[in-house]
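Visitor: I am new to this structure. Please take a close look at a single part, the interface between the chains, and then place it in its surroundings.

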Amino acid sequence: MTVDFTYDDLEVGYGFDGPEVVITREMIAEFAAASFDHNPLHWDDKYMTETEFAGGKSFDDVIAHGLMTYAFMTRAMTDWLWPDNGEHRRLETRFRQPIYPGDTIRIRVEVASKRETRAAKWAVCQVTVTNQNGDMVATGDALAEILN
Amino acid sequence: MSEFNPDDFETDFWKEAEVRAGWDDLEPGVVLRSRPVTITKEIIQRYARSIGDENPLYFDEAFAKSTRFGGLIAPPSIHALFLFACTGHDHFMRTPGTINMGQNWWLHRPVRPGDTIALEARCLDKLIRKGNTFAIHDNVFRNQAGEVVCSGRGWTMRPY
């Protein structure tokens with residue numbers, strides 16, 4: 001197996017691009033079926049555009065699941081770490097703006113800091129999700145346990 | 001609660017929506033009803049495909065066996081699925097208009113095909129901010145050996 005980097009090699013500020021995803025209604029429907037989250041937020045146009053949500057606002061369209069975005073952010077980490085570089089241990093996210101069908105989202109990961117504890121070596125990573133307009137639609141903090 | 005059957009899952013979240021706890025009814029700290037779910041390779045792979053993730057650790061048994069994982073595993077975000085599969089139709093997370101604001105999960109060990117995952121789920125806290133009502137969800141996922149596979153919190157904005 002291959003080790004691409006070690007804890008000592010890894011520099012704070014190192015960054016890489018994760019998946020770039022074009023969101024479609026079909027994808028949202030598939031995620032709903034696969035995750036069993038059938039909330040009408042994700043399929044019911046009439047409900048979304050005619051309901052007054054918090055703050056008196058309605059949505060422009062159905063929205064993607066927050067947990068689908070979480071899955072893409074997670075994938076950025078596992079594609080980088082698995083199988084031999086490290087473990088993806090934690091991801092804390094904030095879903096900041098809705099993601100709609102037709103949006104293109106890009107995931108970016110940057111190493112914010114490093115830390116050795118008694119038993120392991122860690123990289124704290126900032127994960128950002130931006131859409132085609134450059135809006136930051138989700139952000140996250142991930143914790144990678146570096147194995148080598 | 002009856003056993004989980006993926007082909008028999010109630011997908012109409014409007015149905016009997018009135019039986020679910022609204023924000024006023026949520027009792028922080030009280031563990032909610034749930035059921036263990038045995039996860040198959042097929043369910044894992046359908047989930048992985050839905051997020052466009054074709055990592056061979058989810059699909060290629062021979063490859064997965066040759067790695068330190070020792071066999072097929074599930075994507076770490078699979079817990080999204082257990083939030084719904086392990087809970088009942090009356091769980092407040094299904095309330096139409098529930099908006100996920102954020103999520104944090106600590107991943108202790110991978111979920112594998114054939115694992116039976118039990119979810120300890122509760123509303124841990126509830127709050128009002130800028131005039132909106134929110135709930136803090138607290139979730140611990142364990143496998144059939146009683147080992148914690150994942151634990152964490154989420155927070156949702158409540159429609160009512």
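Guide: Contact here means heavy atoms within 4.5 Å of each other. The model is predicted: local features need pLDDT of at least 70, side-chain atom pairs count only at pLDDT 80 or more, and totals for chains, interfaces and linings use all residues. Residues are numbered from 1 along each chain as its sequence is written, chains are lettered from A and ligands numbered from 1 in the order in which they are written, and side-chain values use heavy atoms, with hydrogens and water left out.

At the interface, 44 residues of chain A are in contact with 47 residues of chain B. The two chains bury about 3800 Å² between them (accessible area, 1.4 Å probe, lost on being put together and summed over both). Of that area, 64% is on carbon and sulfur atoms.

Chain A and chain B are linked by 1 salt bridge (a side-chain nitrogen of Lys or Arg within 4 Å of a carboxyl oxygen of Asp or Glu). It joins R68(B) to E87(A), with the closest N and O atoms 2.6 Å apart. Several elements of chain B give two or more residues to the side that touches chain A, among them helix 1 (41-50), helix 4 (79-85) and strand 5 (148-157). Helices (H or I, at least four residues) and strands (E, at least two) are DSSP runs, numbered from the N terminus. Strand 2 of chain B gives the most, with 9 residues. By class, this side of chain B has 27 nonpolar residues (Ala, Val, Leu, Ile, Met, Phe, Trp, Tyr, Cys, Pro), 4 charged (Asp, Glu, Lys, Arg) and 16 polar (the others, Gly among them).

Strand 2 of chain B also pairs with strand 2 (residues 86-95) of chain A, in the antiparallel sense and over 5 bridges (DSSP must find at least two for a pair). Within this pairing, Q103(B) is the bridge partner of T93(A).

Now for chain A itself. Its 3 helices and 5 strands run β-α-α-α-β-β-β-β from the N terminus on. Its C-alpha atoms fill a box of roughly 55 × 30 × 25 Å along the principal axes. Of its contacts with a separation of 6 or more, 65% are between residues 24 or more positions apart.

One link within chain A is the salt bridge of E20(A) and R106(A), whose closest N and O atoms are 3.1 Å apart. E20(A) is in strand 1 (residues 15-22) and R106(A) in strand 3 (residues 104-116), 86 residues apart.
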